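Reader: I have a new structure open and would like a quick tour. Can we go through it topic by topic?

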Amino acid sequence: MSETTYRICPRSGMQFDTKAEKLMRWNAVAGVLALLVGGIMALGVILTRWPSVKLLDAETFYLVLTAHGVDMLLVWIIFFEMAVLYFTSSTLLRCRLATPGWAWVQFWLMAIGAVIGNVAILSGNSSVMFTSYAPMQASHWFYLGIILFAVGALIGCFVFMGTLVVAQRDKTYEGSIPLVTFGALTACIIAIFTLLQGAAILVPTWLWSLGVVKEIDALAYRMMWWGLGHSSQQINVAAHVAVWYLIAGVVLGAKPLSEKVSRMAYFMYILFLQLASAHHLLSDPGMSSEWKVLNTSYFMYFAVMASMIHGFTVPGAIEAAQRKKGFTNGMFEWLRKAPWGNPVFSGMFISLVSFGFIGGITGVVLGTEQLNMLMHNTFYVPGHFHATVVSGTTLAFMSLTYLLIPILFKREIAFPKMAQAQPFVFGGSMAVLTVVMMGAGTLGVSRRHWDMAFSGAPFQYEWPGAAYLMMGMTGFFGVLACIGGAMFLIVTVGSLLIGKKLDDGQISATCTPHPKGSVSDRATAHGDAEHVAVPGTVALAMLLLATFVLYYFVNWKYLSEVWGLS
Amino acid sequence: MAQDDNTAQGDNDIPLMQKILDNHFLLLFLGVTIPAVLYTVWGIVDIMSIPLAK
């Protein structure tokens with residue numbers, strides 16, 4: 001076995017185990033490739049659901065929708081998360097990656113699984129969409145592909161846990177692990193539950209597709225599958241919150257308002273976040289009210305509270321850091337004078353605001369049993385999760401990519417002007433897109449149906465004009481979001497191919513402490529922000545609360561009008 | 001020996017909650033067990049309790 005060596009990045013002071021570094025690069029690149037495929041599919045979806053365009057026929061549409069869901073929600077994000085796990089453990093804790101050989105098994109299993117799954121979908125006999133509800137049956141290759149992918153990801157999680165053990169044994173950190181690594185640990189724990197849950201349902205479903213198992217109960221499938229489907233998005237939440245803390249620390253030197261409170265918020269994620277999966281079954285007969293109410297309306301709120309803590313403490317930390325630098329005029333000078341020209345910061349902040357205001361509020365509404373009846377299985381649902389997974393996670397990961405291109409890939413960012421504009425184009429269009437999707441869903445437009453007009457159906461439904469308007473806007477802003485996504489791909493691929501090559505830095509046989517004041521030092525710093533009042537953040541939090549109360553009330557009012565009582 | 005005493009003293013000074021948060025495998029146990037019981041096992045019990053149509 002070859003000895004571990006570390007590359008010391010001259011720009012950040014970060015020390016990369018050279019084996020781990022390669023794995024991070026391969027996982028990140030594989031993720032971006034999936035983003036490319038999923039993005040092309042997104043264009044097909046959006047141009048078909050745009051009523052005046054209706055690009056694809058029904059069969060092709062469902063094929064494209066399946067590929068879009070699998071490539072975006074699983075392949076892109078989980079590949080990228082593997083890179084994040086290796087970075088937050090090996091690099092931030094300055095230790096070797098545990099079992100790099102197993103980490104390569106992780107990579108290849110996920111890569112082979114992703115290819116098998118995609119081939120099965122594109123061959124046209126697995127258009128079952130991401131949810132793949134039984135008794136709808138896909139090719140056995142489809143299930144096998146996802147199982148291999150999930151097993152690979154599970155191995156990656158254990159490599160991360162092993163790396164924490166290595167760091168603890170070698171005493172490469174003092175006290176607790178850094179907050180960012182703790183966030184990644186939270187994501188890893190949720191991922192382990194998620195992937196075990198996925199195996200528990202996908203293995204029998206695979207055997208069913210092979211004819212070995214006679215039948216799969218539809219309700220049991222849905223209950224088990226959502227433990228995978230929704231919890232996999234909770235991995236994202238924990239991971240992108242960790243990225244917010246990382247970027248706030250690295251770009252502005254921000255420290256959380258209270259590190260203890262932030263850790264407790266992550267602890268609440270570990271205990272309760274996965275339970276939100278139950279909100280997908282709120283309209284299902286068969287599950288008891290006790291199961292639904294306890295898992296969503298009680299335990300889910302602990303996780304929501306944790307998100308509100310993070311949503312307060314990250315901008316609060318930024319405000320405290322900015323005020324310390326002298327941006328103290330008025331309530332929002334700290335925000336006006338933030339480094340908006342730096343896509344690492346702008347992408348992170350847009351991700352935070354979109355996730356909180358759009359994804360967070362609508363998530364609580366969807367998780368309320370009575371209100372869920374208004375929008376269950378409507379276009380509202382993808383509107384909500386695009387606000388969390390795309391505006392929240394994907395945009396945060398894009399920001400992290402801009403940070404890592406010079407540090408990890410050792411390249412200067414190509415097309416810097418395009419990189420500056422990209423978070424605004426992508427984040428701005430996604431914000432409008434998600435709102436109009438949810439507007440159309442509130443009016444009853446179905447979640448997945450190829451043709452909202454139900455052309456040729458014996459019974460026609462007269463949609464209000466607003467529904468067509470919102471679907472038209474969905475098309476327009478969806479295309480704009482695809483352009484924003486393409487800009488990201490041009491910048492990243494361009495940087496790797498034609499970006500100016502930067503100095504590699506020294507290779508050392510041992511790790512040394514993080515240089516004081518360096519990027520790596522700021523990324524791993526402990527402690528709280530010095531006590532500085534954060535009135536701007538309090539005002540933003542009050543605005544969020546007012547928006548939530550108003551929106552909640554509007555939906556209850558709307559619900560009361562659905563079925564008139566006499 | 002004196003060093004061991006110091007370490008023991010230091011460990012005692014660490015608040016219980018921090019000890020829990022620093023025990024990564026305990027967190028893993030809790031993070032898998034709680035949803036497995038409250039969501040999965042309870043969900044299966046609910047589904048198994050549905051009477052069969054006659």
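Author: Let's begin with how ring pairs are defined. Rings of Phe, Tyr and Trp (its six-membered ring) pair if their centres lie within 6.5 Å. Keep in mind that this is a predicted model.

Reader: Which residues do ring pairs link into a cluster?

Author: The cluster consists of A:Trp26, A:Phe79, A:Trp104, A:Phe107, A:Trp108 and A:Phe149.

Reader: How many aromatic pairs are there over all chains?

Author: The whole structure has 31. Take A:Phe79 and A:Phe107. Their ring centres are 5.7 Å apart and their planes meet at 55 degrees, so the pair is tilted. The pair links distant parts of the chain, with A:Phe79 in helix 2 (residues 58-91) of chain A and A:Phe107 in helix 3 (residues 100-122) of chain A. They are 28 residues apart.

Reader: Are A:Phe79 and A:Phe107 buried or exposed?

Author: A:Phe79 is buried, and A:Phe107 is buried too. A:Phe107 also pairs with A:Trp104. Those ring centres are 5.8 Å apart with planes at 80 degrees, so that pair is edge-to-face.

Reader: Where do A:Trp104 and A:Phe107 lie?

Author: Both are in helix 3 of chain A, three residues apart, which is about one turn of the helix.

Reader: Why does A:Phe107 count as buried, and why does A:Trp104 count as partly exposed?

Author: A:Phe107 has 6% relative accessibility, so it counts as buried. Buried means under 20%. A:Trp104 has 22%, so it counts as partly exposed.

Reader: Next topic, charges over rings. What lies over the face of A:Phe379?

Author: A:Arg49 does, at 4.4 Å from the ring centre. There is also A:Lys54, whose charged end sits over the ring of A:Trp450, 5.0 Å from its centre.

Reader: Now salt bridges. How many are there over all chains?

Author: A search of the whole structure gives 11. One of them joins the side chains of A:Asp170 and A:Arg169, at 3.3 Å from N to O. A:Asp170 is partly exposed, with a relative accessible area of 41%. A:Arg169 is at 53% and counts as exposed.

Reader: What about A:Arg323? Which residue forms a salt bridge with it?

Author: A:Glu319 does, and their closest N and O atoms are 2.7 Å apart. A:Arg323 and A:Glu319 both lie in helix 9 of chain A, four residues apart, about one turn of the helix. Both A:Arg323 and A:Glu319 are buried.

Reader: And which residue does A:Lys410 form a salt bridge with?

Author: A:Asp504, with the closest N and O atoms 4.0 Å apart. A:Lys410 is in the loop between helix 13 (380-407) and helix 14 (416-442) of chain A, and A:Asp504 is in the loop between helix 15 and strand 3 of chain A, so the pair ties together parts that are 94 residues apart in sequence. In space, A:Asp504 and A:Lys410 are 6.5 Å apart, C-alpha to C-alpha.

Reader: Is A:Lys410 buried or exposed?

Author: A:Lys410 counts as buried, at 11% relative accessibility. A:Asp504 is partly exposed, with a relative accessible area of 33%.

Reader: Which residues do salt bridges that share partners join into one network?

Author: A:Arg7, A:Glu21 and A:Arg25. Leaving aside neighbours within four places in sequence, A:Asp504 is in contact with A:Arg7, A:Ile8, A:Pro10 and A:Lys410.

Reader: Switching to chain B. How many helices and strands has it?

Author: Chain B has three helices and zero strands. Of its 54 residues, 26% count as buried. Its accessible surface is about 3,800 Å², and 67% of that belongs to carbon and sulfur atoms.

Reader: How many residues of chain B are in contact with chain A?

Author: 24 residues of chain B are in contact with 40 residues of chain A. Chain B and chain A bury about 2,600 Å² between them, 78% of it on carbon and sulfur atoms.

Reader: Which residues in chain B lose the most area to chain A?

Author: B:His24, B:Tyr39 and B:Ile47, together 27% of what that side buries.

Definitions and conventions: Residues are numbered from 1 along each chain as its sequence is written. Chains are lettered from A and ligands numbered from 1 in the order in which they are written. This is a predicted model: local features need pLDDT of at least 70, side-chain atom pairs count only at pLDDT 80 or more; totals for chains, interfaces and linings use all residues. Side-chain values use heavy atoms; hydrogens and water are left out. Helices (H or I, at least four residues) and strands (E, at least two) are DSSP runs, numbered from the N terminus. Buried means under 20% relative accessible area, exposed over 50%, partly exposed in between (1.4 Å probe, protein chains only). Accessible areas come from the Shrake-Rupley method with a 1.4 Å probe; for residues, only the protein chains shown count as cover. Rings of Phe, Tyr and Trp (its six-membered ring) pair if their centres lie within 6.5 Å; planes under 30 degrees apart count as stacked, over 60 as edge-to-face and the rest as tilted. A charge sits over a ring if NZ of Lys or CZ of Arg is within 6 Å of the ring centre and within 35 degrees of the ring normal. Contact means heavy atoms within 4.5 Å. Buried area is the accessible area (1.4 Å probe) that two parts lose on being put together, summed over both.
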